[in-house]
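Please view the sequence and the model together.

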Amino acid sequence: MVHAERTALIADLARLDDNAWDTASLCDGWSVHDVVAHLVDVAMTTRVGFLVDMARARFDFDRQNARGVARARGASPHETLERLRSAAARTSTPPAPLDTRLVEEVVHGEDIRRPLGIAHTYAPQAVVRSLRQQARTSRSFGGAKELLTQVRIIATDADLAIGEGDEIRGTALALLLAISGRPVALGELDGPGLPTLATS
């Protein structure tokens, strides 16, 4: 599923002109080009390499990510895309649950596609597994474990309900984006738990 999503994103990126790569993504402070470079870096990361990078970044995730983007970003969009294409079939991973690789591809896929107006249909299983992974992940690592002690998310397009508290309903993809800190998806959700999610 990870490889399929990488391949689909490469096909979408190949149709862009260079100016589109400068578009602001859904990741604060990152352009589309930066997010693609991050995906290259993540695809190339090994367990040992991640630990070495974290040590060099003094165990600061933001610093480690910034260093990775700078390392993986090519001199041009074409060069960065070729790097992603070369890394697409890799199976290396940081020391994290494998489903975090799906989270990277689905959430960052939308970070890129939504600002560019590109629609993509993700494999339902990839979205559900990503959503379950984010529900198990603490806020300090970009997840929503603590939030889901206050609200219950219910997917309208999948057999999935997680959490305790006031309900929030929407598609699995919209729920995934919202609990991953992408406010753009809040308008696609409804339910009494929305104010808690919006201020989390």
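Two strands count as paired if DSSP finds at least two bridges between them. By that criterion, strands E1 and E2 (residues 161-163) pair in the antiparallel sense over three bridges. Helices (H or I, at least four residues) and strands (E, at least two) are DSSP runs, numbered from the N terminus. The model is predicted, so that local features need pLDDT of at least 70 and side-chain atom pairs count only at pLDDT 80 or more, while totals for chains, interfaces and linings use all residues. Residues are numbered from 1 along each chain as its sequence is written, and side-chain values use heavy atoms, with hydrogens and water left out.

**Overall build**

- The chain contains nine helices and three strands.
- For 200 residues, a compact globule would have a radius of gyration near 16 Å, and the 17 Å of the chain agrees with this; the value is taken over C-alpha atoms, and the globule rule is 2.2 Å times the number of residues to the power 0.38.
- Along the principal axes, the C-alpha atoms fill a box of roughly 45 × 35 × 30 Å.
- Among contacts (heavy atoms within 4.5 Å) with a separation of 6 or more, 59% are between residues 24 or more positions apart.

**Surface and charge**

- Of the 200 residues, 48% are buried, where buried means under 20% relative accessible area, exposed over 50% and partly exposed in between (1.4 Å probe, protein chains only).
- Carbon and sulfur atoms contribute 53% of an accessible surface of about 9,700 Å², computed by the Shrake-Rupley method with a 1.4 Å probe.
- There are 23 positive and 26 negative side chains, and the centres of the two sets lie 7 Å apart. Lys and Arg count as positive and Asp and Glu as negative, without His and the chain ends; each charge is placed at NZ of Lys, CZ of Arg, CG of Asp or CD of Glu.

**Strands**

- Strand E1 (residues 151-155) is mostly covered, with four of its five residues buried.
- E1 and E2 form a hairpin with five residues between them, and Arg152 has Gly163 in E2 as its bridge partner.
- E1 and strand E3 (residues 166-170) run parallel and are joined by five bridges; Val151 has Asp166 in E3 as its bridge partner.

**Leu186**

- Leu186 is located in the loop between helix H8 (172-179) and helix H9 (194-198).
- Leu186 counts as partly exposed because its relative accessibility is 23%.
- Beyond its neighbours within four places in sequence, Leu186 is in contact with Ala178, Leu194, Leu197 and Ala198.
- Leu186 and Ile168 are 18 residues apart along the chain, and their C-alpha atoms are separated by 10.0 Å.
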